[in-house]
Amino acid sequence: MTNDGAFRIIACDVSSAATKVVELQKSSGVEAQKLVEMLVASVLVRETTAPNRRVQMRLSQPSLPSDLLADTTGDGILRGLQRPGSGEEKTTVLQVTYSLRGGEMHQSIIDAPAEFSVQKLMMKYLQESEQIISVFRLHCHVTDVKTVATGYVVQLLPEAEREGIVAMTRHITEALDVSDNQLPWEFPAELIAKVADGHEYTLLSDEPIKFSCSCSRQRFILGIASLGRDEVENMAKEEESLETVCDGCGSVYNISPHEVLQLMDSRN
Ligand SMILES: [Zn+2]
């Protein structure tokens, strides 16, 4: 936050988590690029609007074969998924869901025109749904060698005066854009100093982001149980062992139908 109360700057480097997601989702090309941008954007949006909550974002566009999902929680966990589209006519939307531990949810859906870059879409989302005026900048590259997933957002606070806003916007869109490749993208603290452009500021928080998946054996057992008792009893008769693979992290779980029946019995 700048000491004059005019701007809040948030920067992040989630390259290591994004590398993991791209690898696990076997993402490539335009989809990999957009997926990585969504990952960075989800962290910046969470930190801008609701740092302690869970933020899930889904981008669905006709030009993308898959829906792209980014999911981040207040304890610094980040994950992502690439889901094949449903085959029906695809929607063109960005859906953002916030959830609290208690289960309370808040969802916004905005139109996501294909010609909008992810960063432009985020500015539109923050303005339309959160009444936050911001400048969003993403710096993401996916190559065979390396995934770079960085970005920053400058939020204009109510204290900001017109002159200051104009100067800051010009600084970001002219001065910083020109030197885009020279910016210290992978060092968020240094990046913030560059963006602050001589404003005095105080660093309010600094937290690590890492990839992690929320899957568990229990969760898959519950999933199989939802098929219904008859189905599970049939599988048990045939002594099938069920191999399930988590989409999020690639973990493989071998589950016996007997285990599922045991759980169903214990809940009755
Ligand atoms: Zn998993």
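These legends describe close-up views of a predicted model. Residues are numbered from 1 along each chain as its sequence is written. In this predicted model, local features need pLDDT of at least 70, side-chain atom pairs count only at pLDDT 80 or more, and totals for chains, interfaces and linings use all residues.

View 1. The protein chain holds eight helices and 11 strands. Helices (H or I, at least four residues) and strands (E, at least two) are DSSP runs, numbered from the N terminus. The C-alpha trace spans about 75 × 35 × 35 Å along its principal axes. Domain 1 covers 7–211 and domain 2 covers 217–267; these bounds come from an automatic or database domain assignment. Their C-alpha centres lie 37 Å apart. Of the 268 residues, 33% count as buried. Buried means that 20 or more other C-beta atoms lie within 10 Å of a residue's own, exposed means 12 or fewer, and partly exposed lies in between, with C-beta atoms placed from the backbone.

**View 2. An open sheet of three strands.** The strand order is β1-β8-β7, and the pairing is antiparallel. Strands pair if DSSP finds at least two bridges between them. β1 (7–13) and β7 (133–142) are the edge strands; each has a single partner, so one side of each lacks a neighbour in the sheet. From one strand to the next, the twist averages 5°. Seven bridges join β1 to β8 (residues 147–156). Ala 11 has Tyr 152 in β8 as its bridge partner.

**View 3. Helices α7 and α8 packed together.** α7 (residues 229–237) and α8 (residues 257–267) pack at about 145°, with axes 8 Å apart. Axes are lines fitted to C-alpha atoms, for helices over the stretch in contact, and angles run from 0 to 180 degrees between N-to-C directions. On the α7 side, the contact includes Arg 229, Val 232 and Met 235; on the α8 side, the residues include Pro 257, Leu 261 and Met 264. Contact means that C-beta atoms, placed from the backbone, lie within 7 Å.

**View 4. Gln 131 in a loop.** Gln 131 is found between α3 (118–130) and β7. Its phi is near 50°, a positive value in a residue other than glycine. Gln 131 is exposed, with 7 other C-beta atoms within 10 Å.

**View 5. Asp 197 in a loop.** Asp 197 is found between α5 (188–196) and β9 (210–211). Phi of Asp 197 is near 50°, again positive in a residue other than glycine. Asp 197 is partly exposed, with 17 other C-beta atoms within 10 Å.

Methods. Contact = placed C-beta atoms within 7 Å.
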